[in-house]
Amino acid sequence: MKKSKDEIITYDDLVRKWNDEKKQMIEQTSEDRIYRWNPDGMYNIYENTGKAITDNNPYVNLVDIEEFDLIIENEPYPVAPPPMNKGKNKEKSKSAKFFGLMHKEITGDSMYYIKDQRISMERIENEAKGINIPKPAKEKEKDLLKVKKEIFEYAKSLGFASVGVTKVDRRYVSMGVDDEIIFDTIILLGYEMPKDVMKHYPNPKGELGAFGAYTGCARNVHKVADFIRTKGYDCRARGWDGSIKYSPHAVNAGLGNYSTYGVCVTPEAGTRLKYCSILIDAELPLDKPKDFNIEEFCSRCRMCQKSCPSNSIPKEEKKYKGSIKRQTRFSTCLELMTTQKECLKCVRVCPFSMIGYEQCMESLPQYYMYNLERDELDKGFLLSKKEGEHNE
Ligand code: SF4
Ligand code: SF4
């Protein structure tokens, strides 16, 4: 059978096209916007002028950051390029095809990511607009501690490794999205990128790390939301589009502490997590921030920063108007993430992600004992303790 024109486009062709697109995107960088892909491979733009958008402000619980200038100042996010082809759908399908081929190379299924994302995101977008929301059961279960426990157990049975409850911090909600955030209590749901997948670079055949975890979120977030409704409470599922910054919320919910590269490190899975969430109309008992001593460990590690092939993780934190920030440089990271079949080296080298919290904490006193310089970690001090368990 004769192949259609679309089928004979190669992955390398798409990488080349994608690089051209990225160049355009970066050239159009603006200081007050973030963008995220949507399931069609196009971009949603979130205007953030006047808002605090950093994934890593360790003092978020201690100071009133409203007083700060709350604009992304470090590495602004690119703006979507103008259409290169005429016609809306042509442009949409081009980026989607890029991911499709990348995923086909790894999983054999070009729709691996897109099909689940599309269904789930459509439902999320509808719910945000108040469309097609399933009705909660008539009777409310009164014992909210029990309700919370049951939600957590159910979410964990679906594969969410980290679950926590906190209040929405609207300083970390993008402008233009506030109206969709109709409840103040948020359940954070972290889906794990499997350790076995992360041990291999590039990804082993059949498996995706980040995109696999996003797919896990897409497949399961509505199941948890529907479960909540059986308890008599209204709720709205939220996705992974960046409109709510999840790292500060995850830290506030006691799931972990900030990492060197700005995401939340959890004791259960390190940085191998992608988050989605559910806004719930119930005063569930809140979880509290906890000190896991992770920032102390990070200060002596910095392996993610040292191993990042595109130098996207800044060596020093940035002091900015009273807060300390670490922010991964988006534009250079994007290059690697999209052309190297999920770089994720920062996750793959993280001892919390690959070796585990207990072992990390056991090794911490040895830094003091030998008064090791931080650069000693470059020589594999920590990883040599678990030789054979890590392929990097
Ligand atoms: S690699 Fe090291 S510095 Fe980076 S997040 Fe993990 S523990 Fe922290
Ligand atoms: S994904 Fe790769 S390029 Fe991006 S920050 Fe992590 S190590 Fe650096």
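This is a predicted model: local features need pLDDT of at least 70, side-chain atom pairs count only at pLDDT 80 or more; totals for chains, interfaces and linings use all residues.
1. A cavity is a set of points, on a 1 Å grid over the protein atoms alone, where a 1.4 Å probe fits but cannot get out. A molecule sits in one if more than half of its atoms lie within 2 Å of its grid points. Ligand 1 sits in the second largest cavity.

2. Residues are numbered from 1 along each chain as its sequence is written, with chains lettered from A and ligands numbered from 1 in the order in which they are written.

3. The protein chain has 13 helices and ten strands (DSSP runs: H or I, at least four residues, for helices; E, at least two, for strands; numbered from the N terminus). Of its 392 residues, 54% count as buried (under 20% relative accessible area, 1.4 Å probe, protein chains only).

4. Look at the shell around ligand 1. Its residues include Cys298, Cys301, Cys304 and Cys350 (a heavy atom within 4 Å). Helices H8 (294–299), H9 (303–307) and H12 (351–354) each give two or more residues. Domain 1 (11–280) and domain 2 (294–385) each contribute at least three; the bounds come from an automatic or database domain assignment.

5. Now ligand 2. Eleven residues surround ligand 2, and the closest are Cys308, Ser310, Cys333, Cys343 and Cys346. Helix H10 (330–339) and helix H11 (345–348) each supply at least two shell residues. The largest share, three residues, comes from H10.

Terms used:
Side-chain values use heavy atoms; hydrogens and water are left out. On a 1 Å grid over the protein atoms alone, a cavity is a set of points where a 1.4 Å probe fits but cannot get out, and a pocket is an open set with protein on both sides within 12 Å along at least five of seven lines; lining residues have an atom within 4 Å of a point. Buried means under 20% relative accessible area, exposed over 50%, partly exposed in between (1.4 Å probe, protein chains only).
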